[in-house]
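Let's walk through this one together, starting with a loop and ending at a sheet. Keep the backbone in view as you read.

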Amino acid sequence: MKENINIIFYKLLLAGTVVVLFAGSIDKLLSDNSTFKIDRLIISGCNLIKEESIKNQFSFIKKKNIFSLNIDDIKSKIISNEFIASVNIVKVFPSTIILDLIEISPIGLLRVNNTNFLVDNNDNGFLCSSNMSTAIHIPEIESNGSITEENIFSSNEYKALNHIFSTNQKLFNMIDYVSTNNDQIVVNTAKSKIIFDSPHYIKQIDHISKFLDYSNRYSKYKYIKFSHLDVIVKEKDVI
């Protein structure tokens, strides 16, 4: 019985040695093989961020072995960028890496004290360059001297804009800027405006979404005004 155990132990030791040597040979082959050196970096999803800046930041991965690339480290570096919510990293063998960026969802731009403050739909704010609003559609939130970076997320303008963003993307994409006038929230588009009562704007936004979806002709109105949930509509004059 003892002899059998020794034979079994010897066979296991021999097999283990072979496996280790084989694995080491494969690893050496892959690390030395230029076929698996990264030579192409593809980046998608850049709207707020310049694609070139991401390429420059991660140019160091070029010529690295695709098998040994530390994906977690790359991901950690990418999402440290405040404009990036998440990223999908894909290895395409033998030598391509794809970085699929998912950026934050900006819904408004506040210009105050010679600064541009970008806000997303999760109560996050970021300083941004003056030409940021030209890259993608971002409605402006008019300060009127009362809205600052500190109180913007409690303002009716931001809350109304966020609710429209969440419930009616078509209307949101038409908005140029949002402002207030006494107890009214004024949503301005290029060709018309919608006036909400501040105390009832949530219900009114839901109501106007149904109304506009039914009419399906956003641009025909000069203005739409609410009196609680009663809608006052002024159509454009036809010449």
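D123 counts as partly exposed because its relative accessibility is 44%, the label covering what falls between buried (under 20% relative accessible area) and exposed (over 50%), with a 1.4 Å probe and protein chains only. D123 sits in the loop between β5 (115-120) and β6 (125-128), and it has a positive phi of about 60° without being a glycine. Strands here are DSSP runs of E with at least two residues, helices are runs of H or I with at least four, and both are numbered from the N terminus.

Keep in mind that this is a predicted model, where local features need pLDDT of at least 70, side-chain atom pairs count only at pLDDT 80 or more, and totals for chains, interfaces and linings use all residues. Residues are numbered from 1 along each chain as its sequence is written, and side-chain values use heavy atoms, leaving out hydrogens and water.

N144 also has a positive phi, about 55°, and is not a glycine; look for it in the loop between β7 (140-141) and α5 (156-167). Another backbone feature is the cis peptide bond between F93 and P94, with omega about 15°. P94 belongs to the loop between β2 and β3.

That brings us to the sheet. It is open and mixed, with three strands ordered β1-β3-β2; pairing takes at least two DSSP bridges between two strands. β1 (40-44) and β2 (84-92) are the edge strands, each pairing on one side only. β1 runs parallel to β3 (residues 96-103) over five bridges, and L41 stands opposite I97 in β3.
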